[in-house]
Amino acid sequence: MKRFLNFTALAMAVFAIAVTLSSLLTPMQAVPAPILLSQNVNFPPPDVTAPDNRQGGTHRGEACPKDLSIIPLIPKSNDGLTLGESPTFFAYVSPSSTQVEFTLQAPDEKGTEVYKTTFKVDKPGIVEVSIPAISARQKSLEIGQRYRWSFSVVCDDKDPSGNYFVEGIVQRIEPQETLKNDLANADPMARAIAYAKNGIWYDTLATLAQMRRLAPDDSGPRAEWTHLLQSQGLESIADQPLVQSFE
């Protein structure tokens, strides 16, 4: 009996010590796993020309209607890069029933015309023009060359200076090996992020546009498109619809 009482007393003492220690020690809190936010298509423009020069590539003639507006989807520098030999160009055009001419010029002294097309805009919105390859041997854009392009509207048949036009620069570059590896990813959003991270403007925009067309109800590509345009001061047209494609 005495041994039992001693055992009981010892057990009670151990329990009391355990209770006391638990009250003195601060309990360890479970550390929640970090929340991984989706990556944005963040675009750091490459240092290819003077910043914020978009307005320098725009001209509106006095004969043009006041409600006529063409806003090119280009970086603030008015100068963008591409990896493709036949890139796609985007512009917001308003109002509807507007006859627009797109021209791509070579980087020679004469500004030789590489490609030209004319199209009619059915309704206000963002239009895109894709440059076809000239031939299997001759590429539309050569690597390392800076080509000038323009969207224009004839407002005065007799005086070209009275027309409305916007213009910019595109330069095709050779991708680095790390970028090639990133672009091997089958996920188009991952490719868009890779393009943007490396300052490849035209390909970033074209990839997001294709995603929007293929999945119009997916809020992801639309949000990234809006974020990209807002980052380059194009918030006024970030929510405009993609209305027409031309070649």
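The model I am reading is a predicted one.

I listed the buried residues of helix 3 (residues 188–197): Met 189, Ala 192, Ile 193, Ala 194, Tyr 195 and Ala 196. I then looked at both ends of the helix. At its start, a side-chain oxygen of Asp 187 comes to within 3.2 Å of the backbone nitrogen of Met 189. After the helix comes Gly 199, with a positive phi near 75 degrees.

**Overall figures**

I noted five helices and 10 strands in the protein. Of its 247 residues, 39% are buried. I looked up the accessible surface, which is about 14,700 Å², with 54% of it belonging to carbon and sulfur atoms. For contacts between residues at least 6 apart in sequence, I found that 68% join residues at least 24 apart.

**The largest pocket**

Next I turned to the largest pocket, which holds about 160 Å³ of space. Which strands each supply at least two residues of its lining? I found strand 5 (98–105), strand 8 (146–153) and strand 9 (164–172). Strand 8 gives the largest share, four residues.

I wrote down the lining residues: Glu 101, Thr 103, Gln 105, Arg 148, Trp 149, Ser 150, Ser 152, Val 154, Asn 163, Phe 165 and Glu 167. By class, three are nonpolar, five polar and three charged.

I followed one of these lining residues, Glu 167, which sits in strand 9. The side chain of Glu 167 makes a polar contact of 3.2 Å with the side chain of Arg 148, another residue of the lining. Leaving out residues up to four places away in sequence, I found that Glu 167 touches Gly 57, Ile 74, Asn 78, Arg 148, Trp 149 and Ser 150.

**Asn 78 and Asp 79**

Asn 78 was on that contact list, and I looked it up next. Asn 78 lies in the loop between strand 2 (69–72) and strand 3. Its phi is positive, near 70 degrees, in a residue other than glycine. Is Asn 78 buried or exposed? Asn 78 counts as buried because its relative accessibility is 7%, and the cut-off for buried is under 20%.

Asp 79 belongs to strand 3 (residues 79–82). With a relative accessible area of 2%, Asp 79 is buried too. I found a polar contact of 2.3 Å between the side chains of Asp 79 and Arg 146.

**The loop between strands 4 and 5**

I checked two residues in this loop. Ser 97 is in the loop between strand 4 and strand 5. I noted a positive phi of about 60 degrees for Ser 97, although it is not a glycine. Ser 97 is exposed, at 54% relative accessible area.

**Glu 142**

My last entry is Glu 142, in the loop between strand 7 (125–130) and strand 8. At 37% relative accessibility, Glu 142 is partly exposed. Not counting residues up to four places away in sequence, Glu 142 touches Tyr 147 and Arg 172. I also looked up its separation from Ala 106, 36 residues apart along the chain: their C-alpha atoms are 9.5 Å apart.

Conventions. Residues are numbered from 1 along each chain as its sequence is written. This is a predicted model: local features need pLDDT of at least 70, side-chain atom pairs count only at pLDDT 80 or more; totals for chains, interfaces and linings use all residues. Side-chain values use heavy atoms; hydrogens and water are left out. On a 1 Å grid over the protein atoms alone, a cavity is a set of points where a 1.4 Å probe fits but cannot get out, and a pocket is an open set with protein on both sides within 12 Å along at least five of seven lines; lining residues have an atom within 4 Å of a point. Grid points are joined across faces, edges and corners, and a volume is the space filled by probe spheres set on the points. Ala, Val, Leu, Ile, Met, Phe, Trp, Tyr, Cys and Pro count as nonpolar, Asp, Glu, Lys and Arg as charged, and the others, Gly among them, as polar. A polar contact is a pair of N or O atoms within 3.5 Å; within protein, one must be able to donate a hydrogen and the other to accept it, and residues adjacent in sequence count only if both atoms are side-chain atoms. Contact means heavy atoms within 4.5 Å. Buried means under 20% relative accessible area, exposed over 50%, partly exposed in between (1.4 Å probe, protein chains only). Accessible areas come from the Shrake-Rupley method with a 1.4 Å probe; for residues, only the protein chains shown count as cover.
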